[in-house]
Amino acid sequence: MIDGKAIWSLNAVPKQSVYGETLRKFRGEEYRRWDPTRSKLGAAIARARNSQYELLPDEGDTCLYLGAGHGTSISHIYDQVCGQNNVKQGRIIAIDISTRCLRDLIHMSQSRPGLVPVLGDARKSDKWGLMVPNKVDWILQDVSQADQCEIFVNMVKKFLKPEGKALLSLKAASERFSKDSDKEVFTAVREQLESEGFTVTEQISLHGLEDKHCLYFVRN
Amino acid sequence: MWLWYDWRAAAVADSDGNILDIEIWDGWKDLDALCSRIDIISNNATTPEAERLLERFPDSKLRIHGSADLPQADWPLPNHEAIEYLDKAAILLSKRGVEAAAGDPDRRLEHLIHASDELRASLLTMESRLVEWVGLFLPEARFERDRAGLAVKVTASENLTTLAEELNVSLPSTGPSQNEWVSLKDWATSVRDLGSRIELMENVIRELSSTHMPSLSALLGPILAARLSVEAHGLMRLARLPAGTMQILGAEKAFFNHLKTGAPSPKHGHIFMHPWISRSPRWVRGKIARMVAAKATIAARCDAYGGTAWGSKEVDEVAKKVAIIRSENPKPPMR
């Protein structure tokens, strides 16, 4: 998957590039280049020191993605979790509030069985909680809301299996309290996560790839 | 005793997790039925299965699947096939949601307003090129009075001579070649068509805006009302804005410059386009803008929250107030 500096994922829909990324063949199989400037998860993998290989869900996992956007990251997670025609039997539930984003996600889901786009507000889990009947192995939240940390804590408590993986992509500019620097915001959030009883495995600053963002890799 | 339910089944168990009774719904292969089920549960209502069990066990505690206080039990969870159907229903529901977005007048107005802005911008540049172009060949002609009419005149002319006659100027010795004239005439045709296209588009905006926000359209005119609601990203958001924000909506650059550097604050944003403000003397514009913006927020709230639409009576009252402000301040204040 990782070749020098670039990250590649095995293309689940051969010959199709999702957002204009490079396709390349390695040993007869097609891979897609994961652009770290387009995807925060990609940026985190590029920047992580210790947990580079652990950040991603395992094959066949059930994943919950809050704030799915246009599906840039989702497409790579799909490559990892489901594979071509969902041979690995994974399930990705992608929640987003924007109908514009859902349009792209629905289009993507047509060639990707196992990807479930859901139109809804990430905060109102009783509206879509039904789509997540069992607890999931992996959660990523990327919502850029003022109470993003609280939403994350609630979601992890409600939907994550014990010993699951959870990732929080935090945008410092979205936090309402204005601290002197982004660093203080990041430390405050880390303390908040730890006070909830989670272990923060790694705090990855995305500086240079994504402005004022930080990704927390958390286990419950 | 606990009553557990999800979209497909309901069950009753005692506190030790022994299942006492189960009701299962098997109509989930019909996607439409499944979608309406999902709607029921999303609105925090109970399913028919759960209600039937609740009748049989009235003293059981009703909990939806996933609630934290439910005891561990062998609940009848959906099988793999049922989850596949649930996924299909989820995609169908999302599709419906996306389709419903097309019915949102706010989004339609947004495209219309931006499209007409873009058309107008290109019309103005093309029109000024046309004026310069014709002016090069007919240096005596003046178009300050009727720039828009020039395009029509050029399109109607056979050649430069007829155009010169039409404009009542003398023909200079050098003129364009035949092909050059054809290009010029083509250009004029597109200017003319662009003008009529804008008119058409603005009529559509007027129509949509007057039905979507009758009160605000009556007060400020449909185009301005549409522009304000697009600037605020939708009528519901516009209705939540305070009057001070409504007043300077569209003057964000000046406003933040004011906050940052202490420059004079903007007195009006898009609302300036209304003749009450733009046709008033400079020194009362701020006062009128403040009053009109306050009335506009009320009108927007009437539209957003289903109030009675404003008619000419309310608008006349505001117009009277505008006249009072104007008459109270006939002279510019002393510096």
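User: In E4(A), which residue is the bridge partner of A:Lys25?

Analyst: Two strands pair if DSSP finds at least two bridges between them. Strands of a sheet pair through backbone hydrogen bonds, either parallel or antiparallel. Here A:Lys25 has A:Glu30 in E4(A) as its bridge partner. E3(A) and strand E4 (residues 29–34) of chain A run antiparallel and are joined by 4 bridges. Strands (E, at least two residues) and helices (H or I, at least four) are DSSP runs, numbered from the N terminus. This is a predicted model, in which local features need pLDDT of at least 70 and side-chain atom pairs count only at pLDDT 80 or more, while totals for chains, interfaces and linings use all residues. Residues are numbered from 1 along each chain as its sequence is written, and chains are lettered from A and ligands numbered from 1 in the order in which they are written.

User: In what order do the strands of the open sheet in chain A lie?

Analyst: The order is E1-E2-E4-E3, 4 strands with antiparallel pairing. Strand E1 (2–3) and strand E3 (23–26) of chain A are the edge strands, each pairing on one side only.

User: How is a helix angle read, and at what angle do H3(A) and H3(B) pack?

Analyst: Axes are lines fitted to C-alpha atoms, for helices over the stretch in contact, and angles run from 0 to 180 degrees between N-to-C directions. Under 35 degrees counts as roughly parallel, over 145 as roughly antiparallel, 65 to 115 as roughly perpendicular and the rest as oblique. Helix H3 (residues 99–110) of chain A packs on helix H3 (residues 80–100) of chain B at about 140 degrees, with the axes 9 Å apart. H3(A) and H3(B) are therefore oblique to each other. Residues making this contact (C-beta atoms, placed from the backbone, within 7 Å) include A:Leu102 and A:Ile106 of H3(A) and B:Ile91 and B:Val98 of H3(B).

User: Which helix pair within chain B has axes that come within 9 Å?

Analyst: Helix H4 (residues 105–137) and helix H7 (residues 178–212) of chain B do, crossing at roughly 155 degrees. That makes H4(B) roughly antiparallel to H7(B).

User: How many residues of chain B are in contact with chain A?

Analyst: 20 residues of chain B are in contact with 16 residues of chain A. On the chain B side, helix H1 (31–42) and H3 are the elements that give two or more residues. H3(B) supplies the largest share, 9 residues.

Technical notes:
Two residues are in contact if their C-beta atoms, placed from the backbone, lie within 7 Å.
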